[in-house]
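This report goes through one protein chain part by part. Keep the sequence and the structure in view while reading.

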Amino acid sequence: MAAKTTYDFDMMLSNAREAYGEELYKMACEGKDFVFTFSDNVAPSSSAGKLLKEFPERCFNFGIAEPDQVGASAGLALSGCTVFSQVFGPFLPLRAADQIHTDIAYNDVKVRLIGTHSGVTAGGGPTHNDIADLALYRAIPNLTVVVPADAAQCCKFIRASMDYEGPMIIRIDRAGSPNVYAEDYELTIGKAIETLEGTDAYIISCGSNLYECLMAAKMMKEKHGSSIGVLDMHTIKPLDEDAILRVAQKTGNIVTVEDHSINGGLGGAVAEVLCEVSYKGNFRRVGMPDEFAVLGSTDDIYHYYGMDRDGITAKLEEMLRL
């Protein structure tokens, strides 16, 4: 059965970048044992700022030295600590790739790298776009990679990660996103959530893009009477291959949507699964094409590249020949 979602999104915005700090603060107040490393973009007025003020002995500021921060986080983990490490997302995979690969993944340590401003949500143009990270992370052994759909799901991942072994990437966007889930639900790392059941096609997505996917499914229902399902593939690695094959066999029509390059991310991962079983249905990818993005707001960029509800609907109509 599909999870219960809400379509009253515009009235229910939340911010995963604030939520992770609030959850860490709550966990610290509960006596959970962890340390926090961070780059120099945590405002004192933020939820994470509250953690810094009240628990300074467990918080370490590395300024703008992201590679040093990631390497030191590995060292803290090797000393027995569980480490949450907040890094400006566009700089994390490119500037600290060696430290992620060799210090953290190779040593298989309990570090949770929280990459903020994912995809094109930073708004600073190509130098501040984070569109190649999933391709890198997928290729590094031992990494678990999760992409929360909303702030509440981000909190679930933060808390669940305390009891999860090995290193983890938690990829979140910059600002307010709609709350996708209307009620509490069970979250299992590595198990996709069917947010909407469908019989004509399925959209497989992750992160805040899930909102636009649900709205596209609603538009397809209203315009054509089509039944479009939506699968929340919140864990990119390990990938829930069983869920992918189940919805592919059910409809024979799959579209992936992600705020990432179409090369090497969620779309590539799903394509690999389908190709290996000689899938004969329809398959389309929605995401950033193989180019540096145009300048603009997140919404403008999504619209320009067909990553918003209108673009996703158009892709579904083309695939279903409507």
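A polar contact is a pair of N or O atoms within 3.5 Å; within protein, one of the two must be able to donate a hydrogen and the other to accept it, and residues adjacent in sequence count only if both atoms are side-chain atoms. By this rule, 16 residue pairs, both members at pLDDT 80 or more, are in polar contact between domain 1 and domain 2. The structure is a predicted model, and the sections below describe how its parts are arranged.

The domain assignment of the chain gives domain 1 as residues 12-179 and domain 2 as residues 193-320. Their C-alpha centres are 26 Å apart. Domain 1 brings 32 residues to the contact, and domain 2 brings 30 residues.

Between domain 1 and domain 2 an area of about 2,200 Å² is buried, and carbon and sulfur atoms give 59% of this area. On the side of domain 1, V120, I131 and R138 supply 31% of the area buried against domain 2, which is more than any other three residues supply.

## Charges and elements at the interface

How many salt bridges does the rule find across the interface of domain 1 and domain 2? The rule finds one. In a salt bridge, the side chains of R138 and E272 meet at 2.8 Å, N to O. R138 is also one of the three residues named above for their share of the area that domain 1 buries against domain 2.

Four elements of domain 1 each supply at least two residues to the side that touches domain 2: the helices α6 (133-138) and α7 (151-160), and the strands β6 (144-146) and β8 (176-178). Of the elements, α6 gives the most to this side, with five residues. Sorted by type, the residues on the side of domain 1 that touches domain 2 are 18 nonpolar, nine polar and five charged.

## Two enclosed helices

Helix α10 covers residues 266-276, and eight of its 11 residues are buried, so α10 is largely enclosed by the rest of the structure. A residue counts as buried when its relative accessible area is under 20%. The buried residues of α10 are L266, G267, G268, A269, V270, A271, V273 and L274. They pack against α6, β10 (201-205), β12, α9, β13 (253-261) and β14 (282-288). After α10 comes S278, with a positive phi near 55 degrees.

Helix α9 also has buried residues, namely A243, I244, L245, V247, A248 and T251. What do these residues pack against? Their partners are β10, β11, β13 and α10. Just after α9, G252 has a positive phi of about 75 degrees.

E212 is part of helix α8, which runs over residues 209-224. Is E212 buried or exposed? With a relative accessible area of 10%, E212 is buried. Leaving aside its neighbours within four places in sequence, E212 is in contact with M307, D308, R309 and I312. E276 is 64 residues away from E212 along the chain, and the C-alpha atoms of the two are separated by 29 Å.

S226 sits in the loop between α8 and β11 (228-232). S226 is buried as well, with a relative accessible area of 7%. When neighbours within four places in sequence are left aside, S226 is in contact with D200, M220, K221 and L322.

Most residues other than glycine have a negative phi, and most peptide bonds are trans. Some places in this chain depart from that pattern. D108 is not a glycine, yet its phi is positive, about 55 degrees. D108 lies in the loop between α5 (97-105) and β5 (111-116), and it is partly exposed, with a relative accessible area of 42%.

N142 is not a glycine either, and has a positive phi of about 80 degrees. Its place is the loop between α6 and β6. N142 is partly exposed, with a relative accessible area of 39%. Which form does the peptide bond from K237 to P238 take, cis or trans? That bond is cis, with omega near 0 degrees. P238 belongs to the loop between β12 (235-237) and α9 (241-251).

Note on methods. Residues are numbered from 1 along each chain as its sequence is written. This is a predicted model: local features need pLDDT of at least 70, side-chain atom pairs count only at pLDDT 80 or more; totals for chains, interfaces and linings use all residues. Side-chain values use heavy atoms; hydrogens and water are left out. Domain bounds come from an automatic or database domain assignment. Contact means heavy atoms within 4.5 Å. Buried area is the accessible area (1.4 Å probe) that two parts lose on being put together, summed over both. A salt bridge is a side-chain nitrogen of Lys or Arg within 4 Å of a carboxyl oxygen of Asp or Glu. Ala, Val, Leu, Ile, Met, Phe, Trp, Tyr, Cys and Pro count as nonpolar, Asp, Glu, Lys and Arg as charged, and the others, Gly among them, as polar. Buried means under 20% relative accessible area, exposed over 50%, partly exposed in between (1.4 Å probe, protein chains only).
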